[in-house]
Number of protein chains: 2
Amino acid sequence: MRFSLNQWTTRTWRLPDLAIGCAAEGVTGVGLWREPVADHGLARTGKLMRDHGLAVTSLCRGGFFQERDALADNRRAIEEAAALGAPVLCLVAGGLPDGSRDLDGARSRVAELIAELAPYAGEHGVRLAIEPLHPMYCSDRCVVSTLRQALDIAAPHPPSQVGVVVDTYHLWWDPDVWEGIARAGVTGRLALFQVADWVTPLPEGVLTGRGMLGDGRIDLRRFRAAVDAAGYTGPIEVEIFNEELWAMPGPSALELTLSRFAQHVL
Amino acid sequence: MRFSLNQWTTRTWRLPDLAIGCAAEGVTGVGLWREPVADHGLARTGKLMRDHGLAVTSLCRGGFFQERDALADNRRAIEEAAALGAPVLCLVAGGLPDGSRDLDGARSRVAELIAELAPYAGEHGVRLAIEPLHPMYCSDRCVVSTLRQALDIAAPHPPSQVGVVVDTYHLWWDPDVWEGIARAGVTGRLALFQVADWVTPLPEGVLTGRGMLGDGRIDLRRFRAAVDAAGYTGPIEVEIFNEELWAMPGPSALELTLSRFAQHVL
């Protein structure tokens, strides 16, 4: 089963209930977030997942390299991923430093800090996965805006230490994305594939407006076929930030997600 | 004076007042929009602008090629630009057709309809200017998301018939934008330069959240220097969609805009 439930899709579902609910549906993978994991306890979360036959497909998230304590915080994130047995730590690069207009400088800093972190990740058996975010997040969340940028930043490092995330929501508009996916395949960089759909109008703040699979404008199956053709055989994480979905009971949200996944992604 | 006031920056300012107000500040150029021009009357607007020493630097907008009557409507827009003496008709390509997920198809259609329209524009002494819009508008307003795409669509046509718009708000995040501006210069495609700043959080619908010059995260002067270096000597249109600015009296909004323009663009 390639389906993996990213925890933020069912953000209000408590971890013990999520584990039971996933196991009941035959789900075998989950993507976790650091804050709820910390709340539940790192070791306890790891045990909970193992007890329910759930692999942790990724940990979200490291990055935010514009912050002063970024290196120390990312080292902790690597350690947490290792403790959970998550092979992948998603990196959201972070935006511009306060008051800055130096986009090139911010992008260079991302590359520098990833170079610092890559060997540490390798020692822990964790792969850093650079996630390009939609350009609408460029100033405040992620200065890495395209798959090509992410691949260029990853290039100097061993593929086992640094890869990329392909998330349909962030990349669907990019005319170069198909070339980028192929390149990620050839260079062994495709660390994680995530899906969400694109719907409008976007909500204020543009954070919580991701669409349920099939509700929007992305040809999700074309993406799935492209990552398959690039040799990706890993999990397909559904990561949807959506207020309506969060208002649903966890089991119903999971059921809907699984059904749409079969209909629009597989 | 390279400053030009795009009418949408002072959206609620009636055309006769705008003409008087611009002339009073020594402004010599304005970018107009079709709807308010039609409301005031096409010939009357042309005369009003001439009477106040105002050149019409561009007409906004043609495009929206996903619509059924796009060709006929764009021919009318070309005729209107010609009647106003506007050298440039801005084209916003339009989004995906209703219910469609065929982004490549929509992009091809844009190229096809521009090919149909280019000679007609040439006959009227009007230059079509393809405006790449920020990727957050890709599904519903503009499938042309990067400067490179716009230049590729323009390439088969005479530069006098088809050029591109460089708008800082839409392109600031693009790592390839500097290369694109240089290419636009070399190939004679730089038809119009527009400026607005990038501020967050974005408002619901993401249409009215453009920032006053200097309030946001764009290195506007770097853009101005880049278009200058590419040989662009035309107007610099300030086009800001912003509710707070629209709530100001026209003369105050213009005064603020001129002051910020001197401070952050020149």
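These legends describe close-up views of a predicted model.

Local features are given where pLDDT is at least 70, side-chain atom pairs count only at pLDDT 80 or more, and totals for chains, interfaces and linings use all residues. Residues are numbered from 1 along each chain as its sequence is written, chains are lettered from A and ligands numbered from 1 in the order in which they are written, and side-chain values use heavy atoms, with hydrogens and water left out.

**View 1. Chains A and B about their rotation axis.** The same surface serves both copies, as 100% of the contact residues of chain B recur in chain A. Contact means heavy atoms within 4.5 Å. The superposition is by least squares on the C-alpha atoms of residues with pLDDT of at least 70 in both copies. Which residue of chain B comes closest to the rotation axis? It is E204(B), with its C-alpha at 1.9 Å.

**View 2. Helix 1 against helix 3 in chain B.** Helix 1 spans residues 15-24 and helix 3 spans residues 42-51. Helices here are DSSP runs (H or I, at least four residues), strands are runs of E (at least two), and both are numbered from the N terminus. Two packed helices are described by the angle between their axes and the distance between the axes. In this pair of chain B, the axes come within 9 Å and cross at roughly 15°. Axes are lines fitted to C-alpha atoms, for helices over the stretch in contact, and angles run from 0 to 180 degrees between N-to-C directions. Helix 1 and helix 3 of chain B are therefore roughly parallel to each other. Angles under 35 degrees count as roughly parallel, over 145 as roughly antiparallel, 65 to 115 as roughly perpendicular and the rest as oblique. The crossing of helix 1 past helix 3 in chain B is right-handed. Helix 1 of chain B brings L15(B), P16(B) and A19(B), which meet T45(B), L48(B) and M49(B) of helix 3. By class, this contact has five nonpolar, one polar and no charged residues. Ala, Val, Leu, Ile, Met, Phe, Trp, Tyr, Cys and Pro count as nonpolar, Asp, Glu, Lys and Arg as charged, and the others, Gly among them, as polar.

**View 3. Helix 3 against helix 4 in chain A.** Helix 3 (residues 42-51) and helix 4 (residues 70-84) of chain A pack at about 35°. Their axes are 9 Å apart. This crossing, too, is right-handed. L42(A), T45(A) and G46(A) of helix 3 make the contact with E80(A), A83(A) and L84(A) of helix 4. The classes are three nonpolar, two polar and one charged.

**View 4. Helix 6 of chain A and its surroundings.** Six of the eight residues of helix 6 (residues 147-154) are buried, so this helix is largely enclosed by the rest of the structure. Buried means under 20% relative accessible area, exposed over 50%, and partly exposed in between (1.4 Å probe, protein chains only). The buried residues are L147(A), Q149(A), A150(A), L151(A), I153(A) and A154(A). They pack against helix 5 (103-123), strand 5 (127-130), strand 6 (162-167), helix 7 (168-171) and helix 8 (177-186) of chain A.

**View 5. V265(B) and its contacts.** V265(B) lies in the segment after helix 11 (250-264) of chain B. Is V265(B) buried or exposed? At 0% relative accessibility, V265(B) counts as buried. Beyond its neighbours within four places in sequence, V265(B) contacts V195(B), L213(B), L220(B), R221(B), R224(B), I236(B) and R260(B). F223(B) is 42 residues from V265(B) in sequence, with the C-alpha atoms 8.4 Å apart.

**View 6. Backbone details in the two chains.** The peptide bond from C60(A) to R61(A) is cis, with omega near -10°. R61(A) belongs to strand 3 (residues 55-63) of chain A. In chain B, a cis peptide bond joins T200(B) and P201(B), with omega about 0°. P201(B) sits in the loop between strand 8 (197-198) and strand 9 (210-211) of chain B. V206(B) is also placed between strand 8 and strand 9 of chain B. Phi of V206(B) is near 50°, a positive value in a residue other than glycine. V206(B) is buried, at 3% relative accessible area.

Note on methods:
Left-handed = near helix turned anticlockwise from the far one by under 90°.
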